[in-house]
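Hi,

Here is the structure I promised to pass on. Have a look at it first, and my notes follow below.

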Amino acid sequence: MADPSGFLKVERREREYDKREARVQSYREFTRPLPYTEVTRQASRCMDCGIPFCHTGCPVNNLIPDWNNLVYREQWRTALETLHSTNNFPEFTGRICPAPCEASCTLNIDDNPVTIKTIECQIVDRGWEEGWIQPQLPAQASGKNIAVVGSGPAGLACAQQLARAGHGVTVFEKHDRIGGLLRYGIPDFKMEKHIIDRRMRQMEAEGVTFRTGVEVGAGVPVAMLLQDYDALVMSGGAELPRDLDVESRALSGIHFAMDFLIQQNKRVAGDPEERAAPAGTISAKGKHVIVIGGGDTGSDCIGTANRHGAASITQLEILPKPPEKENKALTWPDWPLKLRTSSSQEEGSERDWSVLTRRAIGANGKIEALECVRVEWVKGADGRQQMREIPDSAFQLKTDLVLLAMGFLGPHLGGLVEQSAVALDSRGNVKASVADYKTSVQKIFACGDMRRGQSLVVWAIREGRQCARAVDAFLMGASELPR
Amino acid sequence: MSGLPAKQGLYDPRNEHDSCGVGFVANIKGEKSHGIITQGLQILLSLDHRGAVGADPLVGDGAGCLIQIPDALLRDWAKGAGVTLPQPGHYAVAMCFLPTEAKARDITVKQFERFIKNEGQILIGWRDVPTDPTGLGKIVLEQMPLIRQAIIAHGPQVKDQDTFERKLLAIRKQTQNPLVALAKKHKLPGIAKFYIPSFSTRTVVYKGLLLAPDVGRFYLDLQNPLTKSAIALVHQRFSTNTFPSWRLAHPYRFIAHNGEINTHRGNVNWMNARRRTMESDLLGPDLDKMWPLIPHGQSDTASLDNALELLMAGGYPLAHAVMMLIPEAWAGNKHMDASRRAFYEYHAALLEPWDGPASIAFTDGRQIGATLDRNGLRPARFIVTDDDLVIMASEAGVLPIPDEKIVRKWRLQPGKMLLIDLEEGRIIEDEEIKRTLSDAKPYDEWLKKTQFKLEELDLPDEQAVAANDAAALLDRQQAFGYTQEDIQFFLEPMSEQGDDPVGSMGTDTPLAVLSNKSRLLYNYFKQNFAQVTNPPIDSIREELVMSLVSMIGPRPNLYGRRAGVHKRLEVSQPVLTNADLEKIRGIETVLDGAFRTTTIDITWDASEGAAGLERAVERVCSDATNAVLLDANILILSDRAVSPDRIAIPALLATAAVHHHLVRLGLRMQTGLVLETGEAREVHHFCALAGYGAEAINPYLAFETLEQIRVQSGLSLKPHDVQKNYIKAINKGLLKVMAKMGISTYHSYCGAQIFDAVGLSSSFVEKYFTGTATMIEGIGIKEIAEECVRRHRDAYGDNPIYRNMLDVGGDYAYRLRGEDHAWTPESVSALQHAVRGNLPDEYRQFATSVNDQSERLLTLRGLMQFKFAEKPIPLADVEPAADIVKRFATGAMSFGSISREAHTMLAVAMNRIGGRSNTGEGGEESDRYVPLANGDSMRSRIKQVASGRFGVTTEYLVNADDLQIKMAQGAKPGEGGQLPGYKVDKNIARVRHATPGVGLISPPPHHDIYSIEDLAQLIRDLKCANSQARISVKLVSEVGVGTVAAGVAKCRADHVTISGFEGGTGASPLTSLTHAGSPWEIGLAETQQTLVLNGLRGRIAVQVDGGIRTGRDVAIGALLGADEFGFSTAPLIASGCIMMRKCHLNTCPVGIATQDPVLRQRFTGQPEHVINYFFFVAEELREIMAKLGVRTLKEMIGRVDKLDMVRALSHWKAKGVDLSRLLHMVEPKPGVAIHHCEAQNHNLHTQLDHDLIKAATPAIESGQPVRLERRIRNVDRTVGAMLSGEVARRHGHAGLPEDTIVVRFEGTAGQSFGAFLARGVSLELTGDSNDYVGKGLSGGRVVVRQPKPTKREPTENIIVGNTVLYGAIAGEAYFEGVAGERFAVRNSGAVAVVEGTGDHGCEYMTGGVVAVLGLTGRNFAAGMSGGIAYVYDVDSKFESRCNQAMVRLEKVDLAQPDDDSGAPRQRSLSVSDSGMGDPLGFDAQRLRILVERHLLHTGSARARYLLENWDASLPRFVKVMPTDYAKALAELNREKKSGARAVAAE
């Protein structure tokens, strides 16, 4: 254990952000690392619980107390090894994970969890800086080949694990760059993209082949992969966005969040505008922007819109405003529903809850306003919460850009899914259990959002790792890959 | 063992224990008289209360009497029988218990007569022993043998009496040894019943399954005036069973024993291992006829008797033989003279000690004597009269001898001997016997010539170079199953601090056999520990009796042929460094080749896989045999060869296999067994290896790992220091584990097999761990091999997790990829959400995660299933939850270990639902005895009495519904509790009557319970103090616990708790947490079976605890036999505990296990949470009850037939588990209950106090002073407690004004005189008293003074027994004479003056003042952390007798400060202020007051002398001042002063 009474002596301190004014001028990351001495102090707050709730609070089961202790003792390199033993990409999660581990931290009973995410991020960042992170070559090749379709965090984690087990792995990506949502969903100010690139280089050195711009199920038929590879992993994400099913949806100026975010990411990556936005530029500059949907994608839209120089940004959420503080007694160590304010929201936006969009209003085919109504949520006969419109509560919001960030319904059903003919579950995701990640089709596995529906990066990594183990076991009879 | 039921279910007759009262009377001059016999029988009567009766009050446990051969009586018989009796000494009497069945009898008699003839002796005739069976119980008569004596004359070949005696032994052995086989052959079980209680030319034993008063009545010989003897040795037995057995009564042929031999199993093994090395000139070829020398399956006393007779037959004089068997603590004893130490040291190589509490009275008919074990754990008092009588007994006052005839009153001291030589007609003092024997041979010189200490051997030590290749080290660590926890929790802290590491909460991981992981073989062995029938030893505070010296190499011939030439090699402790081991390897080149070492490889070829192990073990055994036959006499078993191609045999398996193999071949004594292993690292490993025969162990990989740790973590220590610290830690741990079982020396622990196997198949155990108990079957060599292979594969395979890192472990904390736990993040949060939100669904989720073990096995009960009724009954018909929860209790968690908030909340919750909460051992604030305004009560209904007796005042006792004697605790059986100083805040200190900031430790044993009859005494004491309370005894599950529970029932306890090893704790060595004790399922089942077999079940309530979590657990507990249920961890979790496992650090982040005021504020637990939890449990239980078709819990209790076992077929290890012995249903005899439904008879009506209370009513009711005078005898026990209970009920701890009730006694008081005396009650005794005077003194005054005038010098004669003022809280005591051992042990506030003490005076004292006006024994002030003592240093050697680990010795401060606010007063001010003032100063004044008070109360001549010569006397006093106490007091004074200044400034 770090220091038995560290938590009583040291105050929680998090990484700091650049000032709001500065950060909206740039797409660079604005989170500033803590000095290493402070990180070790923060690590001393970890109590090394008899039951580390953070272990299971964290979807990849990071061995948090262990590396906290190592950081406290300044054994950074061993800490890095321990961290990597459960998480292939701590530099991703250390930046963009909402950190359910901190919610489940014992010190969060008192609202002062250990700064787990910060420590995680600084361990891995230091590892890159020091050159400790090198390709890990397998002892021997298995002679088996696996196709991984989709290069988001699930696919990447799966590919890396499989390569390390000695398999030949090819990752297929329909976009021009590797990374899936990591690359194009998450704005650079949250995570700069060279971070993905250096991981990719490591993976290439470990023997992973990346094939970008190849859409399996379109350019490359699934059958061909099944012929060429010993196994196929479907990790194509849950890309199908929930649409706004209202009158005048067709008006211009209403876009899916992803369309907006992808082009900006490409722009930042240095693509010329025609490549970044082949379907036309979506700009928020000088506009009154409404973001529908209160989740992380919504926040990314806000941050990006602010950087475009939007005139105003309003974010609407259909669910009621969550409580400022959760009922700890009944939620801890679970992820609590409570009011959170993201850094993007902080940068400037209005938020409104329990608001339903009733119709779009426009002129000349262009959006001008949204008509909304207030709703309330009541328990229905089946015990579930049901939404009810509040009579006479309709109002209009002036807007010239509406971004839809209302979540994702599941994988696109054409192409890959259709060709592979895998069975789907009741929610439209590819059906496979976490016991073996096997789809209904022989040799085909599925993991990540494609299997579980939209979720966190950290869940994707978990699924990728576990799926790799399942594939390895399938191919070799048994697997020594860690779960 | 005739009379005992056969092994069935979990019951095994070999677990039976007994203990008792013993005594003798002897005429020093050897003058025979019938009067001696009458007096002997009278002693027996006075010791009656030390025995016990069983289920049937007419059935005692046995009693008997040994006397010299009554020649006149036999001559009278011979005349009548028409035979000629030779002269005395030329004939022998065989006392025979013959089978009643004629056919069997004929065969045995013929057999006997045949051997008499074969051996050339002459049978004169058979004499019917006249008996009168009137008044004996039915069962007694049913079991009664035919009692006859065979009279035998010696044949012409026999030259002298001793030769004749040896022939008798040969005859007896040859007759007796084959009886069992013979019985089988003839199919006549009666044959095995033939038994020869005595067979001698000098003595005869009259004994039987008799109550004390019956012995004389039954044996008419004893009434016959022709029966004359100069000695009468008597014994009253108290056994743990109620099975009638005639032969188990004492005395045996040479001894009567009070106590228990803990190393019995090993001793018998070692004796039998001597087959090939024993030769005797005296016995010659007869020795070969006597095998087995000591048959298996006898009682410890019978075995000891056998050993003694063998030694004597081999020519050792009686006293010499006794000294060999039960040596005093000689190692490191600086007070012992060199020649005596040489005697013991020399003999240590010949024979391993028979270790354990023992007061042995012995006689061969020419000499009679007694000795006490090295610890002095049994009482033995003796007096010498002016007409040449010596009377020795477990108690003083057993014969009414007028005081003026008594010239000496003394006691047997630890390790000392009393010997009366009837032929010489004198008492030979300990000093003289031992000097004579020590000087008889040049032991010193022999040792100088032959003894070599490894440490001192000058051999080129080719230090094996530690491998620097980290990768190779990692591989080897993995091959031996190292985990990260081994490093983090064991090696690292051990290397830094040199201590066996401490943890908290319980263990909730699966048993090794249920685990999916590959576990080391050590994990299948659970350490045994002493409870009730013998005490654990205090290895830290009473270190002087402990020794880790180990002898490596062959043992000399026990019979000492060619004495003084046999070379011997010793190590001071058994953990060898690499250099040490190399010395042993190269030893042949020195010491004239006396030692030859052979190293045997204990690895096998990996290519053979798992199948290779069994062959490999065979190969190792045969290598060992060959080596020994080729004259190698030290074997090193080594697994150094482990590599990618070689798998290591588990070191424990290799050791035990070789050990037992060589024992069987009779070769074991010819060789030493040393281990070179990479496997051993934690304390438990070393214990197990030692327990199965390793004489020394080199843990080379542990050393390499330590070096790696040292380098990696940048420790400032040198390699040598790290190793030293580690060895120190292992040594401390070893001592603790040995001590836990009551064993003091490594020498006797080695090979003693003090373990139970859990989860090993009996065929495997029988083959390699012969004699070890295993109850639930389990894995065998195949699975063990598989585990080895898995480890090996992890080490040398490609598994990426293990590429750079060790396995996480996860045993001591929950870890991903680690071992499974019952308490997981999910189960904890589900339970907490359930109870906080009153959410049944969440509870169900919790219960399912614990109960459903189809995926992951956790507990034995996970392998059980219910046999549900075909038709369930409606839930509504099942007894309501509100009734069920009344059977629930929360566990003993002390106020101190947990916060006031948590402690009171649990009490309130339990009181609301009619359940019970338990104080734990930390007292209770008296404000909690008063109900709150809202009707709630914070009073804990169960009050615990543990070995520290913290806060156990009379007021505390009377405010209890249950008084629980904590014999052991699941988390750390055999060890005392500990509360670190930083948890002792002012409040805690006040309640515990201790000093803030000073850590508190409870002794491992209750110092008033060293034996079963002591427990009966404490039960009586408590029952007297509060007759309305149930008395409960808490035991921990281990093999044999059922037998102990039966004993507890016979001690008249109302309640017994069986705890599982999973139970929690605030702080415990990790070794104990995981490796001691067994699951409650086993202990409970054994308890139920044994109690039912004994017909005792109905009169005692049985509670189970230690890991009960759900309604299903309760249901299984009930079916296995529990009436009540204890829960600790689960309700704590319901209150907010999150299994931080940091209780011992005071940093509990949820405010439970902490006294930090900041953290305490974080406590959020509410009574409702706990109540919700218990109701959820009860509701879950009700659903099961409905399915079982039972309406009330009562109908369920003991119905094992409603349980079935599930074979875990898919589990590679658990599939071998077989619970059928556990689920065995003992068919109760008609009328015998299987659940609690009767009341115990406490026999309190004879209590002297009834009369006192009546007479003192005016005092109790209206404070009128009362003066009473009474006579008192040793059978009047616990006088004053009941009276004080009455006072405390009315007046609380404050009591009455001083001297309101004064009772003056004359005579000898029984045990516990003045126990729990309340303030206002004064007992003054003229005469003397037995053990435990002033136990728990709570403000009263006890005075014991000499009758005046007396011839005896008070400072040289004993006046009060052992363990006086144990746990005293307040009050005063004055003793005009010497006290026994452990005077004022755990005194926390009483003031006492005494004129001399035995060993261990003021041990564990935390408060109060003691003045000793005479000599003290050794080890004074051990563990003394508070209070002060003054010792009048008569011989200026006190310093050498004082244990100065925690105290410093100061001169008496003569100054009289100006500020007299801290000055002592002549009278005490209140119950909480004895008037002794500020202990830091005022010494001269305080001492003067003490001596004046002493003179006033006793009229002591010593006091008068001191006062008359005050100025000269004062400087001879030494002040004993605990260092931490002085610091804490100075701190408090500073605070007080600054507080006063602050007030003044305002």
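In chain B, E12(B) and E13(B) make a hairpin, with three residues between the two strands. One of the turn residues, B:Asp388, has a positive phi of about 70 degrees. Keep in mind that this is a predicted model, here and in everything that follows.

Is strand E13 of chain B enclosed or open to the outside? Five of the five residues in this strand (residues 389–393) are buried, so the strand is largely enclosed by the rest of the structure. That holds for both faces: B:Leu389, B:Ile391 and B:Ala393 point one way, B:Val390 and B:Met392 point the other way, and all are buried.

Next, two open sheets, both in chain B.

One of them has four strands in the order E22-E24-E26-E27 (chain B), and the pairing is parallel. Strand E22 (597–601) and strand E27 (696–698) of chain B stand at its edges; each has a single partner strand, so one side of each is left without a neighbour in the sheet. On average, neighbouring strands here are turned by 25 degrees against each other, direction ignored. Helix H18 (residues 612–629) of chain B packs on this sheet and touches E22 and E24 of chain B. The direction of helix H18 makes about 170 degrees with that of E22(B). Within the sheet, strand E24 (residues 634–638) and strand E26 (residues 672–676) of chain B pair in the parallel sense over five bridges. As an example, the bridge partner of B:Ile634 in E26(B) is B:Gly672.

The other open sheet has three strands, ordered E17-E21-E20 (chain B), and its pairing is mixed. Its edge strands are strand E17 (451–453) and strand E20 (550–552) of chain B, each pairing on one side only. Neighbouring strands of this sheet are turned by 35 degrees against each other on average, again with direction ignored. Helix H12 (residues 338–350) of chain B packs on the sheet and touches E17, E20 and E21 of chain B; the helix direction makes about 105 degrees with that of E21(B). E17(B) and strand E21 (residues 568–571) of chain B run parallel and are joined by three bridges. Here B:Phe452 has B:Leu569 in E21(B) as its bridge partner.

Two loop residues also turned up.

B:Asp1201 lies in the loop between helix H40 (1193–1196) and strand E42 (1203–1205) of chain B. B:Asp1201 is partly exposed, with a relative accessible area of 31%. Leaving out residues up to four places away in sequence, B:Asp1201 touches B:Lys867 and B:Met1225. From B:Glu431, B:Asp1201 is 770 residues away in sequence and 62 Å away in space, C-alpha to C-alpha.

In chain A, which residues make the nonpolar surface patch of about 230 Å²? They are A:Ile318, A:Leu319 and A:Met387. A:Leu319 sits in the loop between strand E10 (312–316) and helix H17 (328–331) of chain A, and A:Leu319 is partly exposed, at a relative accessible area of 42%.

Cheers

Terms used:
Residues numbered from 1 in each chain as written. Chains lettered and ligands numbered in written order. Predicted model: local features only at pLDDT ≥ 70, side-chain atom pairs only at ≥ 80, totals over all residues. Heavy atoms only, no water. Pairing = 2+ DSSP bridges. Axes fitted to C-alpha atoms, helices over the stretch in contact; angles between N-to-C directions. Contact = heavy atoms within 4.5 Å. Patch = residues over 30% accessible without salt bridge, like charges linked within 9 Å, V, L, I, M, F, W, Y side chains within 5 Å. Areas by Shrake-Rupley, 256 points an atom, 1.4 Å probe, with all protein chains shown as cover. Salt bridge = Lys/Arg side-chain N within 4 Å of Asp/Glu carboxyl O. Buried < 20%, exposed > 50% of the residue type's maximum accessible area, 1.4 Å probe, protein only.
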